[in-house]
Amino acid sequence: ASIELLVDGRLTPRSHYFTRSMARHEERFLEIAGEGDHPPRLLTEAFEKNRTIFVPDVRNDPRFPGSYEREIDVRALVVSPVRVGERAIGVIVGNLQRDGYEMTQQDVARFEMFAVMVSLALENIRAYRSMEEKVRQRTRELEENAVALAQANVDLLGVQEELEAKNAELQRTEERMMTIMQASPIPLIVTRLDDGTILYANDHLADLIGMSVDELIGSKSPDFYQVPGDREQVVEQLQEQGYVNGREVLIKRAKDDPVWMLFSLVVSDLGGEKVIVGGLFDINQRKEAEAALQESEELFRGIVESANDIIFTMSKDLEISYVSPNVRDLLGYSPSELIRTRAAPYIHPDDAARSEQAFARVLERGEPLANVSAACSSARRTRSAWNVEVTGELSSSSAELRIASSRSIRSLP
């Protein structure tokens, strides 16, 4: 076996081993290994392609001249790269004499493992020599620059003092932050990002949850989410965007019913770990008002849709925005035919100007619309028009809508 390393751009034998039976071929093998034309084809190919080459029988491989085979009495040959990291720096060559033994892939694998061990050994030697040189150089520098070393110690003390001052300032900053949070009228919280441990909570949050601050600190924020999976969604949004703003979450309380809260959160660093800092706004009254409004709207719609009169709303340009379903029974139009159309075409021309003036007074002055009679056209072929009496007023929720009701008095032939 021979180890050849790259020296001045050429593979050069650096170490070798031969059995006693091969001793007579040692000198010639090394001569061949050093020639530029050798099995060097095999060596350079293994080196340049950075892979093992195995020749089970050199007699059948054109890359190995027959004269070499006779001169060094070799039958099988294996060449593996010696690497530093992923880069080849040489090769290791192993050969099998003509002793009747067949070299197998398992032998090649062992040889490759040996090449890896050689690579590691060479890398360790280089690292050790490099470290040894650095130690010698550093020792010389320390011996030659005692004053510089003393100054370095002084500088180190200065850095240490500066670090201590920064740590003290950081602590004061954290204390100021906690003071501001405690003084805030908004419920505030600081939790660990990874597991949700509550690190800080102010009195307003504690009062809202129904626990003391000491009871809250150290507990887990996931335990306070009413809906399972809400915290995972909040954390996912924080990790993607770095903040959460305006997210509505239902939060458990110690004794009372759950409360709706609006989250405003950011991710920050505190004491070297990722934390969530945020304000929690109580929107429970708003949610209750929304629920009550929805219930009221549903109740109003039920009353409207079951009334005998026609109930309709119009925008400021007298466009119908809603009409009750019974318009079909009284005038023969479906609600979808009337919605988003102007009311004027359905009012008799004799009554149109007077009706529009009455609607304008409702819009401009907020005057109620009381008992305005007008003839309305009917979609039924058997009747040409209905005489109706209209009452209404300006909506309190929108200046653009009028709410009105109409009651049929009699049909006109």
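**Aromatic pairs and nonpolar cores in a predicted chain**

The chain has 12 helices and 15 strands, taken as DSSP runs numbered from the N terminus (helices H or I, at least four residues; strands E, at least two). This is a predicted model, in which local features need pLDDT of at least 70 and side-chain atom pairs count only at pLDDT 80 or more, while totals for chains, interfaces and linings use all residues. Residues are numbered from 1 along each chain as its sequence is written, and side-chain values use heavy atoms, leaving out hydrogens and water.

Colleague: Is the pair of Phe 111 and Phe 114 stacked, edge-to-face or tilted?

Modeller: The structure holds two aromatic pairs. In one of them, the ring centres of Phe 111 and Phe 114 are 6.4 Å apart and the planes meet at 50 degrees. Rings of Phe, Tyr and Trp (its six-membered ring) pair with centres within 6.5 Å, and planes under 30 degrees apart are stacked, over 60 edge-to-face, the rest tilted. At 50 degrees, therefore, this pair is tilted.

Colleague: Which helix holds Phe 111 and Phe 114?

Modeller: They are three residues apart, about one turn of the helix. Both belong to residues 105-144, which form helix α4.

Colleague: Is Phe 114 buried, partly exposed or exposed?

Modeller: Relative accessible area decides this: under 20% is buried, over 50% exposed, and in between partly exposed (1.4 Å probe, protein chains only). Phe 111 has 13%, so it is buried. Phe 114 has 40%, so it counts as partly exposed.

Colleague: What kind of pair do Tyr 225 and Phe 263 form?

Modeller: Their centres are 6.2 Å apart. With 80 degrees between the planes, the pair is edge-to-face.

Colleague: How many residues apart are Tyr 225 and Phe 263?

Modeller: Tyr 225 is in the loop between α7 (213-216) and α8 (230-241), whereas Phe 263 is in strand β9 (residues 259-270). The relative accessible area is 11% for Tyr 225 and 5% for Phe 263, so Tyr 225 is buried and Phe 263 is buried.

Colleague: Which residue lies over the face of Trp 260?

Modeller: A charge sits over a ring if NZ of Lys or CZ of Arg is within 6 Å of the ring centre and within 35 degrees of the ring normal. At Trp 260 the distance from the ring centre is 4.4 Å, and the residue is Lys 287.

Colleague: How many residues are in the largest nonpolar core?

Modeller: Such a core joins buried Ala, Val, Leu, Ile, Met, Phe, Trp, Tyr and Cys residues through side-chain atoms within 4.5 Å. Those with the most contacts inside the largest core are Leu 205, Leu 216, Ile 251, Met 261, Phe 263 and Leu 265, and its size is 24 residues. Elements giving two or more residues to this core are β7 (198-201), α6 (203-209), α7, α8, β8 (243-251), β9 and β10 (273-282).

Colleague: How many residues are in the second, separate core?

Modeller: This core includes Ile 310, Phe 312, Val 327 and Ile 347. Its total is 15 residues.

Colleague: Which residues is Glu 123 in contact with, leaving aside neighbours within four places in sequence?

Modeller: Glu 123 lies in helix α4 and is partly exposed at 32% relative accessibility. Contact means heavy atoms within 4.5 Å. By that rule the partners of Glu 123 are Val 84 and Gly 85.
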